[in-house]
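Start with the fold as a whole.

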Amino acid sequence: MFAEVAVNRRVSGTFSYHIPPELAGKIAPGHLVKVAFGTAHTTGIVVALVDSVDIPETKPILERIDPLPVVTPVQIELARWLSAESLTPLAACLWLMLPPGLAKRGDFLYTLLQEDSNGSLSTVQERILGLLKRRGPLRGRQLTHSLPQTNWQSSMTALVKRGVVEQEPVLDSPDVKPKMVRTVQLAIPASRVKDIAPRIGSESRRANILEALITARGHRMQLSALCLAVGCTPTPVKALAKSGEVIIEPRQTWIELAVPNDEIEARLASAMYARAPAQAKLLRKLLKAGGAVPLGDLNRPIVAQLEEVTTVRRSEEPAWVELAISPKDAQQRIIDLRGSQPYLDILNALVHEPDPVNVGEIYAKTGATLVRLQRLADDGLVTLGEAESWRDPLVDHEYVPVLAPPLTTEQAQAWNTIQRYMDTVHWGRVSPRPDTSGVFLLHGVTGSGKTEIYLRAVEHVLAQGRQAIVLVPEISLTPQTIHRFAARFPGRVSVVHSGLSVGERYDTWRRARSGDLHVIVGARSALFTPLPDVGLIILDEEHDDSYKSSAPITPPFYHARETAIKMMQLTRGTVLLGSATPDVVTYYRATQNQYTLLHLPDRVIAHRERLAEQTRRLNAPVARYQPTSASDAMSAALPDVRIVDMRQELRAGNRSIFSRPLHTAITEVLARHEQTILFLNRRGTATFVMCRNCGYIANCPRCSTPLTYHDPQQVLVCHYCGYTHDQISVCPECHSTKIKHFGQGTELIESAVQTTFPHARTIRWDRDTATGRDAHEMILKSFSERRADILIGTQMVAKGLDLPHVTLVGIISADTALGLPDYRSGERTFQLLTQVAGRAGRGALGGHVILQSYLPEHYAIRAAAGHDYETFFKEELEFRREQMYPPFRRLARVVFQYETAQRAEQEARFAAQTLQNHITGMQYTASEIIGPTPCFFAKRNNLYRWHLVLRSPDPAAVLSGIDRPDAWLIDIDPVDML
């Protein structure tokens, strides 16, 4: 048996390996394996098993790394499709589906054998030998790090051939492993805990004394016997007596007759005691008392005289110790004296736990330490062990289950259409035909209730025994989305995105693979979660560019929307695409019946009872609402949008960031104690810094793009590569001090708000403030709980937020994207403006939008102000028809990045000529090349960039027919042309 393996290398195609006897029956498609590739070791994924191969000799599979397949059969087929569509090696597509750190690339370990070489050494070889001598054996990547920008590999090859250095292939273990935690379990019956409690803890003589008295008859003992039993002196007994826990009855001395009574009477009758009346008196007292009296206050000299003649003798009665408190209190006192309470707390915490418990839980409940647990284990009272612990990103979150609200008529109609399809395909198991594919475009205005349709669809697919993936475009949206889905499906939802730790992603991936999870919410990468039987994929805000991976991210450059559609074709599943501003290509396909178009025209504000409650709580006029077709849902018109021509503001002498209408509106909203969102799609304080004397602009030396000024840190930052530079006050070209900050950013807006409205509480939401793991959630929570009056943000505030107290949205500049050399700039502008405008008026107070623009006549801005998607779509579609842009032709962008501008241009021109010759030779009459030209961002991270664009009905087919160097970055259907 042979295995077709996609190896973790930058190579095309797959490679054949034979399965050795020790792995026979243990290798299946999807398994992650260790193989020899060339002279090195690497990982690979088995994509198929075959009985024979066409090559005379094959290498064996060396090891199965994971006992379970790491990709599903559907994912293998999806990767094959993605490889063909994106012109990317199959292995690169498969590796998208693995959690970070699982599969490692092979390396070599280099060991110095001879310190001196017989031949002459080059400078690089001398440096290599010096490193190996000082640091011992090194791996290839360590040498690359120690010898940057040095071609050390060829020098090393010569050293290996000469026997100076030994080369050994190695493969690192995965970075991620299951998390093991120490566990503890009760080792005795729970009923024994109460009895054993006083016996644990540290040694205490006082506790031992009390313990002996509790068990003694009458709870009392002779002092001597007690001390003997406990093994102590009377000192601790006296200490207990002093504290009132015991009573010591003191020792008693008796004087008794030493001769018979009749002899004493005879002596008293003789003249012998007539001369000793005191002695006679004592003897008579003894006779009267029965022969013995306490020494007490007796005349001791007289007693001594009688003792000398052996007439009387002394007898000692021992001291007694008696418990002075109740046995129950004594038991507690024993626990206190022995320090047993912490141990007892541990045992009591384990009484109701039938299974081993994470020691962390016991630490948290009781304040225990491992030392105390170990002490209990040594005494045989508990058992310590190890167990695997899932790293759950939602472990600290609680979600209160909620019931589904009734649907409006429009929602019900849309849902019924989707449900019929899901039932037909599931129960009939009929593969969807291309013309009736299971793709539904849910075109609903902001606040129309698309999420409720998503929730119904997820509920339905779970009832069918399948799973669902819910994608959102931004990590910032995941907390809100997670809350909605986890509240509806408690215990069945998890999250996947790049903000999780490596361990959390690994454990979520494994839980999904095993079928423990049923709903995955996350960003683009969540699409590749290995759920056993995915029946539904939802893309909320499907128009968003974040769903497309593009350079400089490593290929493949895929679009989550197209990949999801293909995936559901393979699984006979359903795709829901939701947006208030659908992608033009998506909407066009829906109008051509390639997808099913569903409309939600009403903005559902709240159900009647919730709206009435909001109205009662508000001390202000409320908006006008009208009933929808549902029995208790209320709808409202979309917020009014007022366009302010900023050119007129300048002519009127207003040079402020805020137009006069926006300033007035903010003042009024603050007075009513409502909330405002101010939107500007630029971070920082100033867009660029320029010398007004010579025109010098402070650019990033690695990217040739203007540096953005950030006032709080007083630094210049490149938002592409992260380069930073101190603020400049003197021009480096002409040495002028006429340095001016131009443009606006969110930092500047925040500063202006604080100056203009000093009593307003502000919060900023952009990539500079949302840096921590839970930063998005904390910012959103703070604003939704009304701890801020004004939220200032970038596109993060434009998507999917439901904030009922926001009554004003101010768009500082609506024109930021219109001047970019990208055919989608109008579409992006319309989408962004419409989305951010939709954040206003989501509650009982209603709301309005003020849109500031220097291009108020542009069709994208006019359509956004009117919430008029249809008008925008018609104008945009006509523009694209004239220019033969998507959906009328498809595009492929090929980017060339090199360390010199000359090399980048040469490669781009050579590629254009090669591609043109191929188009001409193959008579691709509907295909043409645009360019090559420098990219808009001509330099990024020290690489000069050129690109060309292929316009064709099928650009992948055209490009697949030519020999393409690995340096070509090919992006099919790009969304970024800059």
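The protein has 32 helices and 42 strands, taken as DSSP runs (helices H or I, at least four residues; strands E, at least two) numbered from the N terminus. Its radius of gyration, over C-alpha atoms, is 43 Å, well over the 30 Å that the globule rule gives for 978 residues, so the protein is more spread out than a compact globule. That rule is 2.2 Å times the number of residues to the power 0.38.

This is a predicted model: local features need pLDDT of at least 70, side-chain atom pairs count only at pLDDT 80 or more, and totals for chains, interfaces and linings use all residues. Residues are numbered from 1 along each chain as its sequence is written, and side-chain values use heavy atoms, with hydrogens and water left out.

| Property of the protein | Value |
|---|---|
| C-alpha span along principal axes | about 160 × 90 × 75 Å |
| Distance between mean positions of positive and negative charges (Lys and Arg; Asp and Glu) | 3 Å |

Of the 978 residues, 50% count as buried (under 20% relative accessible area, 1.4 Å probe, protein chains only).

Now the interior. A nonpolar core is a set of buried Ala, Val, Leu, Ile, Met, Phe, Trp, Tyr and Cys residues joined through side-chain atoms within 4.5 Å. The largest holds 88 residues; Leu94, Ile537 and Ile811 touch the most other members. Helix α29 (residues 859–865) gives the most to this core, with 6 residues. Another core lies apart from it, with 33 residues, including Val470 and Phe485.

How values were computed: Charge placed at Lys NZ, Arg CZ, Asp CG, Glu CD.
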